[in-house]
Amino acid sequence: MNFVCPACKSDNVQRLSIVHQGGLSSTKTKSRGSGIVIGGDGVGLGLGSSKTRGTTQTVTSMRAAPPLKKRFLKPLALISLVFFLVSAPIALASDPVVQTAAGFVWIAAIVGWIAFALHYNMTKWPPQKAIWDNSCLCNRCDTIFYIGDV
Ligand SMILES: [Zn+2]
């Protein structure tokens, strides 16, 4: 359960999921029991940094945020909006054939996004989430590192 930062060798590290949660609730509990490290530099620095961290915690929490799945509603609404803005002037001035073609482009864009998002959520997102699940943030030097399958 104890991991060491590959950059600075500190063991004052937290899983990204915990860092993220802590940032959301904006309460920082005691980061580490004392007495684990005797004569090390981990405890003092750890407690010090967690106190000063209060205001920047949201930023840290954002850095520790999990990878997001692609969404559907918002991008589709955006595609439709862009399409409307671009095609409205064209539609006024041009014949039905062009309008129909424009309609097909719009449908193709929507279908294309759905296909892309589904593909992304099913193939690209799971491994990213798995890596995130097993990644830690070093409280000392802010390095994010992967601890491997545990
Ligand atoms: Zn470190």
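This is a predicted model: local features need pLDDT of at least 70, side-chain atom pairs count only at pLDDT 80 or more; totals for chains, interfaces and linings use all residues.
β2 and β3 make a hairpin, with five residues between them. On the bridge side of things, L137 has I144 in β3 as its partner. The turn of the hairpin holds D142, whose phi is positive, about 65°. Most residues other than glycine have a negative phi. D142 is not a glycine, yet its phi is near 65°. Is D142 buried, partly exposed or exposed? It is partly exposed, because 13 other C-beta atoms lie within 10 Å of D142.

Now the other side of β2. Three bridges also join β1 to β2, again running antiparallel. You can follow this pairing residue by residue: V13 stands opposite C138 in β2, and R15 stands opposite C136 in β2.

Put together, that gives an open sheet of three strands in the order β1-β2-β3, with antiparallel pairing. Neighbouring strands here are turned by 35° against each other on average, ignoring direction. As a reminder, strands of a sheet pair through backbone hydrogen bonds, either parallel or antiparallel.

Let me zoom out for a moment. How many helices and strands does the protein have? The secondary structure comes to five helices and three strands. Along the sequence the pattern reads β-α-α-α-α-α-β-β. So much for the layout; what about contacts? Take the contacts between residues at least 6 apart in sequence: 70% of them join residues at least 24 apart. As for burial, buried residues make up 10% of the 150 residues.

In soluble globular proteins, nonpolar side chains tend to be buried together. Here the largest nonpolar core has eight residues, namely C5, V13, L16, V19, A64, C136, L137 and C138. Two elements, α1 (16–25) and β2 (135–138), each supply at least two residues of this core. Which element gives the most to this core? It is β2, with three residues.

Setting aside neighbours within four places in sequence, C136 is in contact with F3, V13, Q14, R15, L16, F145 and I147.

Next, the helix I wanted to show you, α5. M122 is one of the residues of this helix, which covers residues 96–133. With 38 residues at 1.5 Å each, α5 should span 56 Å, and its end C-alpha atoms are 52 Å apart, which agrees.

With 14 other C-beta atoms within 10 Å, Q128 is partly exposed. From the C-alpha atom of Q128 to that of L68, 60 residues apart along the chain, the separation is 9.2 Å.

One last stop, back towards the start of the chain. K9 sits in the segment before β1. K9 is not a glycine, but its phi is positive, about 65°. K9 is exposed, since 12 other C-beta atoms lie within 10 Å.

To wrap up, here are the pieces I would keep in mind. The sheet is open and antiparallel, in the order β1-β2-β3. The core of eight residues takes three of them from β2.

Note on methods
Residues are numbered from 1 along each chain as its sequence is written. Helices (H or I, at least four residues) and strands (E, at least two) are DSSP runs, numbered from the N terminus. A residue is buried if 20 or more other C-beta atoms lie within 10 Å of its own, exposed if 12 or fewer, and partly exposed in between; C-beta atoms are placed from the backbone. Two residues are in contact if their C-beta atoms, placed from the backbone, lie within 7 Å. A nonpolar core is a set of buried Ala, Val, Leu, Ile, Met, Phe, Trp, Tyr and Cys residues joined through C-beta atoms within 7 Å. Two strands pair if DSSP finds at least two bridges between them. Axes are lines fitted to C-alpha atoms, for helices over the stretch in contact, and angles run from 0 to 180 degrees between N-to-C directions. The expected span of a helix is 1.5 Å times one less than its number of residues.
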